[in-house]
Structure formats: structure tokens, C-alpha cells
Amino acid sequence: MSGSGTPPSPSARGKATALSKALSKADLDGHDLPPSPAPSSPRSGKRYALATELVYTDSTDQYNASSVPIYQSATFKQTSGGGGGEYDYTRSGNPTRTHLERHLAKIMSAERALVVSSGMGALDVITRLLRPGDEVVTGDDLYGGTNRLLKYLATNGEIIVHHVDTTTPSAVASVLSRKTAMVLLETPTNPLIKIVDIPTIASLAHAANPTALVAVDNTMLSPLLQNPLDLGADIVYESGTKYLSGHHDLMAGVLAVNDSKLGDKLYFTINATGCGLAPFDSWLLLRGIKTLKVRLEQQQSNAQRIAEFLEAHGFRVRYPGLKSHPQHALHNSMARGAGAVLSFETGDVTVSERVVEAARLWAISVSFGCVNSLISMPCRMSHASIDQKTRKERKMPEDIIRLCVGIEDCDDLIDDLSRALVQAGAVNVTLDGFHAVGKGRVSGEGEGEVPSSSS
Ligand SMILES: Cc1ncc(COP(=O)(O)O)c(C=O)c1O
Ligand SMILES: N[C@@H](CCSC[C@H](N)C(=O)O)C(=O)O
């Protein structure tokens, strides 16, 4: 992969883009702005190692509460009839949300972070920067909901969306032009775990159109493992529903930028549409972030062992922590870890279904990043909104199984998975152990073999 590790172009940050100018000054002045939502803290707010910063928060309340208080209030009294006061209305700003946004800006090394009611809400806020006729360049392996929103915009919003293999810079270059307003990337991709060279694509995008915005969905890694703003992205967003919260007890979306004008545009949409994160969810997310490092490190070490276990038993496994992953080196040049989501194939949809249904410890569930382990069939679940024809065109195997690894005892996870693989007939059991059968296996030997159920 050419250009991996290329430093981000200086123009990648701190620039006022044409898109960020798209809202007129009048949109942002006067009574359209809330009184004064406390701005998020700048990048310089980071003083300690990330592990420390995740936990450390300054107390801002008058009683020095150790846990940031939940300001469960829709409105705030003003000091005079003409207004006055830091907050007026929770849609426009709330102290608990502000605290979370400052905390996130610090750990994401961003000028400004903003939090909304879901990951899709974050993407919606970003896509509202687009105007009819704008072109978006994005991947051919994307989270199903992202694909759905882009399809909606292409159908109803007069936005032209190019889906290309973003792991190949020349494929991206072939559709970039002055009309490219946004490049939207996921890396690792969900669910094929493909790696996209953020610095190279960002440089290409900015060369094609200096005002194009590069937005990166960092959900699969979280700020602990990857910081797209340092790799040339203009906007990073992620589903806080996943690793950041870690317990599947809330929905949230996070946006972060290093361009304060762009931050103002995003904030404008959040206030105008009312999608800011509620105070209680902001508090829950703050609590979750404190344990991000311990959770994700345990999840990741379990995921590495499970990926190696499956590979050793002959399965074709997609996980960037494996040396066999074709973009292992590229991933390591951008990220500080491989995350805890992996996928593999059995070669047969019915067998994959049987594996998923035979697992007991692994919950059959969409989502990932939670402390407990999940198993799913993306084509039937998280990515079912992408029609079968499109899935086929994009080479998405219908039998693919996604594992989202939690913090449980890894031996228990492997035992349960082994039992499910045997019970489903996904492996041949011999005196020496067991080995994958069917098209899911790495070696060509036995291709086309239909595995039989041993249950
Ligand atoms: C990669 C990715 N991005 C964005 C989202 C959207 O997040 P949310 O479910 O919080 O809306 C999801 C999952 O839903 C996802 O997997
Ligand atoms: N029914 C939902 C599916 C959510 S999938 C959640 C997550 N991103 C994942 O990849 O598992 C929908 O249609 O959005």
C-alpha cells in the first residue's frame, strides 16, 4: 500500500472549508445561538498519558462532587429579563453534556467534541453539511446503517455517492474531483475488517479538492486505539453506544474536529435539530469512558487469542491483529491495537446459522464493544438493510460470522465456541482435534465440501 504512514497534509486541519462556510454567518449569529454553551476544552487540555486522562476529570460543581452531577433540568433560570446565564435550555447546552464534551475533546486530542443521541445521529449531523450536487466518496464495506443513510441522501437529497474499495487508493482517486465535498471512511471496516490508509486517502482527497472534508468513523477502535484527526481526517465520529460506553446501556454518538468554525456548524445543527445527548446518558457515557482502557485491553487480548485459535483450526479469519491479515502492517502504522471485532466464514450459510445458534456464552446480538461477547450473522442482522444484490456485488459473504469479544475468561469463550463449531458441523473432528471443513477453510483442500451436522 503506497504512502502508508504519510504525514497528514498541513491543509488537513485548521482550515475553513467551503462546506463549513455553507451556512451563512446569519445562521450562526444572534438568537439562533444559545446564550453560551461552554466551549469544549482545546487540545492543550491533555496533560497526562491517555490512560490517566480517561479517568481524570476536574470537578466543576460547587460541592466538589467526585462524580460529575447529572443536571436533569430542561431549563435554566436567567439572571435578567434580557437573558444572561451560561445555559438556558438543555437542547442548546447542559452542564453534564458540556463536561462530557470537554472530556472527549481532551482524550481525542480535538479542538472540540460534541455528543448526540446515537452514532447515526452523528453521521446525520455531518451529512447536513452537504448541499445538492455535492459528491461523497465512500467505501464498499460499510456499516449497514451508514449505507442506508447515504442511500437515502442519494435518492432524496441530490447527493451523488460513489462506493469504491477504499482499501485501494487508486480506486478512490478515480472518483475524486473538485465536486468531491466529502470522503467518508471506516477503518477497520464493519464487517469485513478491511483497513483503509487514512493519511493517503486524506492527502488524495485534499489534493483533488482542498475544501473536501474527510470524515472517519472510528467506532471499531475508539480513541484508545486510533486517532484519525492525527492521521489527516477533518472530522472523526463514532458510535458511543459501543466501546466508549461499554455496557450496552445507552445510545450515543460522538463528533470531534480541530477546526473551530466547523465545530460551530456541527453545533448549530445539533441545537437546531435537537439531537444533543440527554444529561443522564451523558453521565453514563462519562462513567463508561473511565474504564475504556481496562475493558478494551482485556477484550483485545481475548480477541487475539480467539482469532489465532480459529486460524489454527483452518478457518479464514479477518482480524488486523493476525499477521496473515493482508493489511496488518498498514493497520499497525495507524492504530495502537487491533480492537475486539473479528469475522470468519464457515463456507455455508446454514452451518454458520447453526454455529451462531449453538453458542451459549456468546449472545446472538447486533452491536459490539460491550463487556460481554456477542455473535452475529451480519448479512441477516446488522447489515440486512443492504439488499442481497448489493451485498453480492460488494463481495460480502452471506455465511460470514462476526464475533464481538468481551472481557469474559477466554478459555470459557473458546470452549463455548469450539462446542458450537463441532455441534454445527463446521469442523471435522479427529483424534488429533478438529479442523474447518467447507469453503470457509484457508486451504483449498475440500473446497465445496458440505459440512454435515454432528449434533
Ligand atoms: C461502524 C458503525 N458506525 C456507526 C454505527 C451507528 O451507531 P449507533 O447504533 O450508535 O447509531 C454503528 C452501529 O450501529 C457502527 O457499527
Ligand atoms: N436494526 C438495526 C441494526 C443495528 S446494527 C448495530 C451495530 N452497528 C452493528 O454493527 O452490530 C438497524 O437497522 O440499524
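## Exercises on helices, domains and a ligand shell

The crossing of α5 and α6 is right-handed (the near helix is turned clockwise from the far one by less than a right angle; helices are DSSP runs of H or I, at least four residues, numbered from the N terminus). We're working with a predicted model, where local features need pLDDT of at least 70, side-chain atom pairs count only at pLDDT 80 or more, and totals for chains, interfaces and linings use all residues. Residues are numbered from 1 along each chain as its sequence is written, with chains lettered from A and ligands numbered from 1 in the order in which they are written.

**Exercise 1.** Work out how α5 and α6 pack, and which residues touch.

*Solution.* Start with the axes, lines fitted to C-alpha atoms over the stretch in contact, with angles running from 0 to 180 degrees between N-to-C directions. For α5 (residues 119-127) and α6, the angle is about 30° and the axes are 10 Å apart. That makes the two helices roughly parallel (angles under 35 degrees). Next, list the contacts (C-beta atoms, placed from the backbone, within 7 Å): α5 brings Met120, Leu123, Asp124 and Thr127, while α6 brings Gly145, Thr146, Leu149 and Leu153.

**Exercise 2.** Find where ligand 2 sits relative to the domains.

*Solution.* First, collect the residues around ligand 2 (C-beta atom, placed from the backbone, within 6 Å): Tyr143, Gly145, Asn190, Val366, Ser367, Phe368, Ser382 and Ser385. Then bring in the domain bounds, which come from an automatic or database assignment. Domain 1 (10-290) and domain 2 (293-436) both contribute to this shell, so ligand 2 lies between them. Finally, the domain centres, taken over C-alpha atoms, are 29 Å apart.

Terms used: Parallel < 35°, antiparallel > 145°, perpendicular 65-115°, else oblique. Contact = placed C-beta atoms within 7 Å.
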